[in-house]
Amino acid sequence: MTLDRIRHPALHGKVMTATEAARFIQNGMTVGMSGFTRAGDCKAVPAALAQRAESEPLRITLITGASLGHDTDKILADADVLARRLPFQVDRTLRRKINAGEVMFIDQHLSETAEQLRGHHLAPVDVAIIEATCITEDGGLIPTTSVGNSAQFIQQARHIIVEINESVPTSFEGMHDIYNLEARPHRQPVPLTAADQRIGQPYIQLDLERVAAVVFTREPDSPSNVLPPDADTRAIAAHINRFLAQEVKAGRMPDTLYPLQAGIGTIANAVLHGFEDSDFHGLTMYSEVLQDSAIALLDSGKLAFASAASMTLSGDVYQRVIDNMDFYKSKIALRPQEISNLPEIVRRLGIIALNTALEFDIYGNVNSTHVNGTHMMNGIGGSGDFARNAHLSIFVSKSIAKHGDISSVVPMVPHVDHTEHDVDILVTEIGLADLRGLAPRERAIRIIDNCAHPDYREELRDYFNRACQYAGGQTPHLLDEAFSWHTRYLKTQSMKPARAHHPVREAEAALMD
């Protein structure tokens, strides 16, 4: 531990252990914690909370930017600390407790959490726990690898606990761009008109009187666990590259494209990697997360600038960023997520949004969150912030899952996160369906022909044709069959018609593995 990281001497006396700091959190409180997709999350105080819960009742509402690393959600869920959780998570243990009704999960658009706190739609934050690399002479907190909702938590919390992470170099200072929205109704337009523009301060200003504790840690972020591109994801990327090249040729955008956004995960990361093999140049990103693919594009010179709320990187790529910080600081801005995902800016910049679907139906409705329409996976994340406001709203998925027993293209999705009105392009490894300017009946034909796996294509055509013949309407459906593929899977562990039956409980358990 070195006090050099606390450049405001008034805070030197606030240094304490994580166990001591955790005492500021009491049963029933709302806690705002830094962390966005495993990046910049707090490491020590959450573990101390879980340990304390072994000997006394301790249930809290936990709000973060997005998902956490270091199994924090698992540890807190196992300790029964979490009464309520928002706005996003990816942990299997917590997911099971959510789906069992033991933890109340609020699935939110990631741009909305800070706004709802500001508008008092949510209970105010009692304690904020925020990771930093250092604190400046003027009381400015320098975040680490994410900003997320930290600025709003700090503005609102009665007590602030700062975790100084000595594993993160102080050279991160200068990468962040903190801009705080004004309260409604007199808010002015956000003055950002280009992805590489900086409009705020490089720190989050602290009210020193509300800083209750400073805790030192040395544990790095959990590394990204995305998989490398495979044949299917490379095919998806190729379809998108060809489509965007056609858009450029048609004069609908420049050859530098409009700013790119990509959701978190293996498929989105692989799709971005595909731009390395494209003819595009001078690209920019205005996204919520930067993964390894964004760093690779910066290294190759394809990407000129990247804006996001966090960096979630593998160990080797993270080290490369640390070793070349001067270069990357000139190419990257990390912002609060209510700015990175702000619909006003998404619409203004003309974002090309690339997000992942669990499944979509023949009319273009997308389910991003619920297995079989009932069981939460991770959450909607920022996909809705971008999809409804993007210049192009693109959703990608592999055409099949579970070794072909699940079709990602279904007659009707049993849960809708993004309606057909917010979806322009659907892509699987099979092909790309451009849905712009098409009526529902036209969309269905294009989706089935271009995106559905051959094993399921004829059955989808049969469903659509019979729906048109017997039900009719603007959006033809056979209501007694619309969810039959999902119920078939629950009974047989396959959406394919001919499959031996298995107990429903076993099928449901398999869905959540």
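This report covers the pockets, core, helices and cysteines of a predicted model.

## The second largest pocket

Rolling a probe the size of a water molecule over the atoms shows where empty space is left. The second largest pocket holds about 230 Å³ of space. Its lining includes Ser-111, Glu-112, Glu-115 and Gln-116. Leu-181, Arg-184 and Arg-187 also line this pocket. So do Glu-338, Leu-342, Pro-343 and Glu-344.

Helix α5 (112-118) and helix α13 (343-349) each supply at least two residues. The largest share comes from α5, with three residues. Sorted by class, the lining has six charged, three nonpolar and two polar residues.

## The cavity

Across the whole structure, a search finds one cavity of 30 Å³ or more. The largest cavity has a volume of about 50 Å³. Ala-114, Arg-118, Gly-148, Asn-149 and Ala-151 are among the residues that line it. Gln-152, Gln-155, Asn-180, Pro-336 and Glu-338 are in the lining too.

The largest share, three residues, comes from α6. By class, five lining residues are polar, three are nonpolar and two are charged. Glu-338 lines the largest cavity, and Glu-338 also lines the second largest pocket.

## The nonpolar core

In soluble globular proteins, nonpolar side chains tend to be buried together. In this model, the largest nonpolar core has 70 residues. Those with the most contacts inside the core are Ile-240, Leu-244, Leu-257, Phe-275, Met-311, Ile-332 and Ile-394.

Take Ile-332 as an example. Set aside its neighbours within four places in sequence. Ile-332 is then in contact with Met-175, Arg-198, Leu-290 and Ile-295, among others. Its contacts also include Leu-298, Phe-305, Ala-306 and Met-311.

## Helix α9

Helix α9 spans residues 292-300. Seven of its nine residues are buried, so the helix is largely enclosed by the rest of the structure. The buried residues are Asp-292, Ser-293, Ala-294, Ile-295, Ala-296, Leu-297 and Leu-298. Two of these names, Ile-295 and Leu-298, were met above as contacts of Ile-332.

Just after α9 comes Gly-301. Gly-301 takes a positive phi of about 90°.

## The cysteines

A disulfide is a covalent bond between the sulfur atoms of two cysteines. How many disulfides does this model have? The count comes to zero.

Cys-468 has 21% and counts as partly exposed.

## Leu-490 in helix α17

Leu-490 is found in helix α17, which covers residues 484-492. Its relative accessible area is 18%, so Leu-490 counts as buried. The cut-off is under 20%.

How far is Leu-490 from Met-377? The two are 113 residues apart along the chain. Their C-alpha atoms are separated by 17 Å.

Notes:
Residues are numbered from 1 along each chain as its sequence is written. This is a predicted model: local features need pLDDT of at least 70, side-chain atom pairs count only at pLDDT 80 or more; totals for chains, interfaces and linings use all residues. Side-chain values use heavy atoms; hydrogens and water are left out. On a 1 Å grid over the protein atoms alone, a cavity is a set of points where a 1.4 Å probe fits but cannot get out, and a pocket is an open set with protein on both sides within 12 Å along at least five of seven lines; lining residues have an atom within 4 Å of a point. Grid points are joined across faces, edges and corners, and a volume is the space filled by probe spheres set on the points. Helices (H or I, at least four residues) and strands (E, at least two) are DSSP runs, numbered from the N terminus. Ala, Val, Leu, Ile, Met, Phe, Trp, Tyr, Cys and Pro count as nonpolar, Asp, Glu, Lys and Arg as charged, and the others, Gly among them, as polar. A disulfide is a pair of cysteine sulfur atoms within 2.5 Å. Buried means under 20% relative accessible area, exposed over 50%, partly exposed in between (1.4 Å probe, protein chains only). A nonpolar core is a set of buried Ala, Val, Leu, Ile, Met, Phe, Trp, Tyr and Cys residues joined through side-chain atoms within 4.5 Å. Contact means heavy atoms within 4.5 Å.
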